[in-house]
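Please look over the sequence and the model shown here. A set of questions and answers follows.

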Amino acid sequence: MFTGDLLIGAKAVHGTNGEIYGLDAATGERLPTSFGGATKADLEAAAALAWQAFPLYRETTLEARAAFLETIAEEILAVGDALIQRAMAESGLPRGRLEGERGRTVGQLRLFAAEVRAGRFQDLRFDAADPERKPAPKPDLRLRNIAIGPVAVFGASNFPLAFSVAGGDTASALAAGCPVIVKAHSAHPGTSALVGRAVQKAVAASGMPEGTFSMLYDSGLEIGQALVADPRIRAVGFTGSRAGGLALMDIAARRKQPIPVYAEMSSINPVLLFPHALAARGQAIGKAFAGSLTLGAGQFCTNPGLLLAVDGPGLQSFLDAAGEALSAIPAQTMLTAGISKAYATNRAKLAEHEAVSLVAEGLGGNASQGRAALFVTSAAQFLADHALQDEVFGATGLVVRCADLRELEQVLDALEGQLTIALHIDEADEADARRLLPTLELLAGRILVNGFGTGVEVSPAMVHGGPYPATSDGRTTSVGTRAIERFLRPVSYQDLPESLRPAPIK
């Protein structure tokens with residue numbers, strides 16, 4: 001089934017720069033087939049093909065490009081159950097989650113196909129000339145958005161399908177008219193190979209230029225870093241750790257021609273528990289929170305890692321219910337041994353912190369599994385130690401007891417940028433929520449009521465982004481149709497004769 005090859009345009013080339021093995025997430029055992037790491041020559045070949053393809057691919061008709069995206073979706077589905085089985089082994093994620101993620105991956109490709117057909121992303125604008133205007137004639141001005149250039153996409157560890165080889169970054173870049181070079185995530189090389197072959201087949205079947213898509217494996221950090229530094233790459237899509245995102249941003253900024261890095265990096269997604277809501281249904285909120293915290297072993301970028309609440313009987317009811325629910329939840333297999341180890345270390349730091357108390361923890365497991373936990377601290381103690389804001393990637397939450405809403409606002413003012421903020425309110429809390437809304441708008445990309453951020457709808461109105469360090473550019477989203485805007489730039493055409501005008505502005 002697997003050859004372990006790099007995909008460089010239409011070719012399959014076995015990399016010679018080290019070997020990468022897929023590992024069974026539950027056991028740590030090697031899975032069949034080694035995948036060869038790319039060399040600098042392999043990167044050069046992929047980048048050269050992407051640059052050659054760019055002027056052709058960016059001017060494909062909207063219909064041809066939309067049909068291409070739909071063909072990718074069809075080819076992914078044609079892989080069948082082999083894709084789900086390999087992804088289950090490499091990620092430790094359950095079948096239902098991965099089947100849903102495949103549906104999301106296919107769905108967003110089709111959504112972008114519809115967006116391309118509609119053509120709105122071109123943002124066509126026409127300002128007619130007025131040669132009689134005084135004191136100076138008005139020129140003929142026409143504007144359209146064009147593709148920015150070849151895009152480097154880094155696969156994410158926690159979404160082996162939806163944020164990976166043919167995930168949202170790839171789909172939106174291809175929709176914009178940009179060739180894509182994917183740096184496959186080393187934690188799921190087999191899953192990446194199956195999806196990469198599907199995209200490669202779609203390129204050929206749709207008659208797209210050969211360099212429209214390539215996929216490389218990196219046995220270390222060298223090739224990923226060199227990819228960002230390559231002068232033919234004009235933007236980067238990344239989902240991962242803050243350290244990883246900052247490293248790529250630094251490389252991109254030091255280039256002769258700096259480029260944008262759209263990095264989703266770090267978020268603890270505060271949940272605000274308002275007094276009347278807690279008094280009315282603290283138990284129900286606590287039970288629901290435990291389910292959200294432990295969903296997917298807590299390995300979601302929108303995982304609710306921080307809760308702010310006014311102290312009182314309602315909060316205690318919440319803590320009792322959340323603690324009871326958590327204590328019955330078994331430890332879950334985490335994505336990789338490295339992630340599991342990091343989670344255990346960061347969870348232990350909270351447990352050992354003198355200002356933090358344990359509320360409850362889940363059932364124990366082995367070294368590859370993450371044990372859920374809920375901790376509590378006071379607002380004063382939280383404000384005194386910035387380290388308590390650090391993301392714990394996994395099923396661990398921290399509750400901050402606030403004396404009143406004024407102290408809760410002080411905690412909000414101290415927080416970094418976030419992907420999501422959730423408010424649990426009843427009607428009697430709405431006045432206080434309304435007063436806080438302007439602050440929350442400056443703090444997060446998505447504000448939701450009486451729910452949790454886990455679960456990101458792929459739709460035109462979705463924002464999956466937020467102020468730094470949630471993302472590197474809080475003006476953008478990596479989910480939903482507005483994601484295409486990251487890979488476009490406007491060009492204005494003044495007084496071009498009809499014979500020179502590109503087709504969309506004629």
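**Strands, cores and ring pairs**

Q: In S21, which residue is the bridge partner of Leu 141?
A: This is a predicted model, in which local features need pLDDT of at least 70 and side-chain atom pairs count only at pLDDT 80 or more, while totals for chains, interfaces and linings use all residues. Residues are numbered from 1 along each chain as its sequence is written, and side-chain values use heavy atoms, with hydrogens and water left out. Strand S6 (residues 141-147) and S21 run antiparallel and are joined by 7 bridges; strands are DSSP runs of E with at least two residues, helices are runs of H or I with at least four, both numbered from the N terminus, and two strands pair if DSSP finds at least two bridges between them. The partner of Leu 141 in S21 is Gln 494.

Q: Which residues have the most contacts inside the largest nonpolar core?
A: A nonpolar core is a set of buried Ala, Val, Leu, Ile, Met, Phe, Trp, Tyr and Cys residues joined through side-chain atoms within 4.5 Å. Buried means under 20% relative accessible area, exposed over 50% and partly exposed in between, with a 1.4 Å probe and protein chains only. The largest core has 78 residues, and those with the most contacts inside it are Leu 69, Ile 72, Ile 76, Val 236 and Phe 487.

Q: How many residues are in the second, separate core?
A: This core includes Leu 293, Leu 388, Leu 412 and Leu 415. Its number of residues is 62.

Q: What is the geometry of the aromatic pair of Tyr 262 and Phe 487?
A: Rings of Phe, Tyr and Trp (its six-membered ring) pair if their centres lie within 6.5 Å; planes under 30 degrees apart count as stacked, over 60 as edge-to-face and the rest as tilted. The structure holds 10 aromatic pairs. In this one, the centres are 5.9 Å apart and the planes are at 90 degrees, which is edge-to-face.

Q: How many residues apart are Tyr 262 and Phe 487?
A: Tyr 262 is in strand S11 (residues 261-264), and Phe 487 is in the loop between strand S20 (444-449) and S21. Both residues are buried. The pair links distant parts of the chain, and the separation is 225 residues.

Q: Why does Pro 209 count as buried?
A: Pro 209 is in the loop between helix H6 (189-205) and S9. Leaving aside neighbours within four places in sequence, Pro 209 is in contact (heavy atoms within 4.5 Å) with Ala 53, Leu 56, Tyr 57 and Val 203. Pro 209 counts as buried because its relative accessibility is 15%.
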